[in-house]
Amino acid sequence: MAPVRIPRVGIGGPVGSGKTMLIEQIVPILSTKGYKVAIISNDVISKEDAERMRQNLATEKGLLPEELVIGVATGGCPHTAVREDPSINLSVVEELESKYNFLDLIFIESGGDNITTTFSPALADYFIYIIDVTGGDKYPRKRGLGIENCDLLVINKIDIAPYVGADLKIMERDAKIVRSNKPTVFVNSKTGKGVDLVVSHIIKEVLFDASPKTPVKN
């Protein structure tokens with residue numbers, strides 16, 4: 001049987017913006033709705049983020065098999081492996097599609113980089129870019145490929161905005177201008193606040209409100 005193409009969501013953002021923690025909040029919500037996912041985590045050298053997610057989501061919570069959290073050491077510029085030459089990620093995606101036809105979704109986390117990160121359309125069907133408030137409320141209007149081009153902009157760490165002098169209303173206003181009214185969601189990925197809205201966008205805009213798959217027998 002030919003492999004089934006599985007929808008793919010790319011998640012990018014600077015180091016420390018909360019990419020891994022966002023995924024750790026998204027997966028349990030999707031799991032309670034019956035959706036089954038795999039995760040590919042990119043980094044330059046280490047596979048620390050993949051190991052953390054494998055421990056938190058697979059080993060401790062049992063939300064997915066350990067083999068469905070895969071670390072990729074790119075060995076170079078972290079966004080090259082998801083944009084200019086995504087072949088290493090595409091090969092992992094193809095293997096997942098071949099072995100695990102029951103999956104509803106594949107998350108691909110980019111290595112931490114700057115605001116130029118984007119995903120090749122050959123790799124990701126939907127692109128989430130995450131920033132946090134510690135860069136100040138000027139962050140969205142500074143623009144950048146990630147902020148401008150992503151399908152969904154996520155602004156994280158809203159709980160500390162008052163302590164760093166970031167005005168969320170200014171960030172929301174500027175994001176609308178810079179992104180031509182494409183959606184922006186404010187979250188606290190540590191507590192999960194706002195993450196349900198991110199999940200709603202994924203279900204509607206990536207899965208098109210489809211019900212979770214029933215595993216297909218080979």
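## Basis

The model is predicted, so local features need pLDDT of at least 70, side-chain atom pairs count only at pLDDT 80 or more, and totals for chains, interfaces and linings use all residues. Residues are numbered from 1 along each chain as its sequence is written, and side-chain values use heavy atoms, with hydrogens and water left out.

## Helix 1 and its surroundings

Helix 1 covers residues 19–32. Helices are DSSP runs of H or I with at least four residues, strands are runs of E with at least two, and both are numbered from the N terminus. Helix 1 has 14 residues. Its first and last C-alpha atoms lie 21 Å apart, close to the 20 Å expected at 1.5 Å a residue. The expected span is 1.5 Å times one less than the number of residues.

The buried residues of helix 1 (buried: under 20% relative accessible area, 1.4 Å probe, protein chains only) are K19, T20, L22, I23, E24, I26, V27 and L30. They pack against strand 1 (8–12), strand 2 (37–43), helix 2, strand 4 (105–109), strand 5 (126–132) and helix 7 (195–205).

## Either end of the helix

S17 sits in the loop between strand 1 and helix 1. S17 counts as buried because its relative accessibility is 1%. Leaving aside neighbours within four places in sequence, S17 is in contact (heavy atoms within 4.5 Å) with I130, I131, D132, N156 and K157. Just after helix 1, G34 has a positive phi of about 95°.

## Packing on helix 2

The axes of helix 1 and helix 2 (residues 48–60) come within 11 Å and cross at roughly 30°. Axes are lines fitted to C-alpha atoms over the stretch in contact, and angles run from 0 to 180 degrees between N-to-C directions. Helix 1 is therefore roughly parallel to helix 2, a label for angles under 35 degrees.

Helix 1 contributes T20, M21, I23, E24, V27 and P28 to the contact, and helix 2 contributes D49, R52, M53, N56 and L57. Six of these residues are nonpolar, two polar and three charged. Ala, Val, Leu, Ile, Met, Phe, Trp, Tyr, Cys and Pro count as nonpolar, Asp, Glu, Lys and Arg as charged, and the others, Gly among them, as polar.

## Packing on helix 7

Helix 1 and helix 7 pack at about 65°, with axes 10 Å apart. The two are therefore roughly perpendicular, the label for 65 to 115 degrees.

L22, Q25, I26, I29 and L30 of helix 1 meet V195, D196, V198, V199, I202 and I203 of helix 7. Nine of the contact residues are nonpolar, one is polar and one is charged.

Technical notes
Angles under 35 degrees count as roughly parallel, over 145 as roughly antiparallel, 65 to 115 as roughly perpendicular and the rest as oblique. Buried means under 20% relative accessible area, exposed over 50%, partly exposed in between (1.4 Å probe, protein chains only).
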